[in-house]
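Let's explore a protein model together, one question at a time. Have a look at the picture first.

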Amino acid sequence: MARLIIPIGIDIETVKTVFGSKNDLLFEQVIKSNCFKKLDEEFSFKRELADIIFKYILPENRVVTSSRLFGLIKGNDGRGLEGEWNDYGYALLVICCHVGVTFSKDNSEFVYGDSWWQINTLLRTNGSGLDLSRMIESRQIFDTPFEQADIYTNFYSKKEVVEFSSHMLIMEKDIEEKNKLLFNTLKKGLLQCIDKSLDLVIFSYEI
């Protein structure tokens, strides 16, 4: 199995405004998108997409309940999201693809492999404190159920994107021909993020 990495330039705060927005138009646009059609056939997460847009409850409006009867009756965190992380992960992916800037048409150059590690080694050799490793690690970004499961999420802040890009440009002269597709696609995407003042959010899953 290989891992497909999907980098997306996006303002994280913009994505957060989608939660509980009850935006019917956005929901219809997302489910008509190619990204949704491709992924929903395999993973089926339309309900969780609707949860995020229509059922999510803002922190100030939540009613939190504790578990009772020695845990037999589960508590509720009041978010309005009752599904599993993986389904919310894919729902977040299609939302971000819709409102953000994707780096590649099919992300095939971002499949984890030899070019990935060779570029990562060059970044470290050139003293970069940021490299590609974070793209295949997972941490919570958005207010959904979360666990280290099938789909991973991570991000670089706007400030980190600028730093990351500067190291990429320094090492450009050392990139071998076989690694140029991945390098150039990533470099172009980082520069787009800088130009539009975007964070870089990464999703990844096994293919």
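Contact here means heavy atoms within 4.5 Å. Helices (H or I, at least four residues) and strands (E, at least two) are DSSP runs, numbered from the N terminus. This is a predicted model, where local features need pLDDT of at least 70, side-chain atom pairs count only at pLDDT 80 or more, and totals for chains, interfaces and linings use all residues. Residues are numbered from 1 along each chain as its sequence is written, and side-chain values use heavy atoms, leaving out hydrogens and water.

Q: Which elements do the buried residues of α7 pack against?
A: Buried means under 20% relative accessible area, exposed over 50%, and partly exposed in between (1.4 Å probe, protein chains only). In α7, the buried residues are Val-161, Phe-164, Ser-165, His-167 and Met-168. Their arc (taken from the directions from the helix axis to the C-beta atoms) is only 165°, so they sit on the same side of α7. The elements they pack against are α6 (114-125), β3 (152-156), α8 and β4 (199-206).

Q: Is Asn-179 buried or exposed?
A: Asn-179 sits in the loop between α7 and α8. Not counting residues up to four places away in sequence, Asn-179 touches Ser-115, Gln-118 and Ile-119. Its relative accessibility is 4%, so Asn-179 counts as buried.
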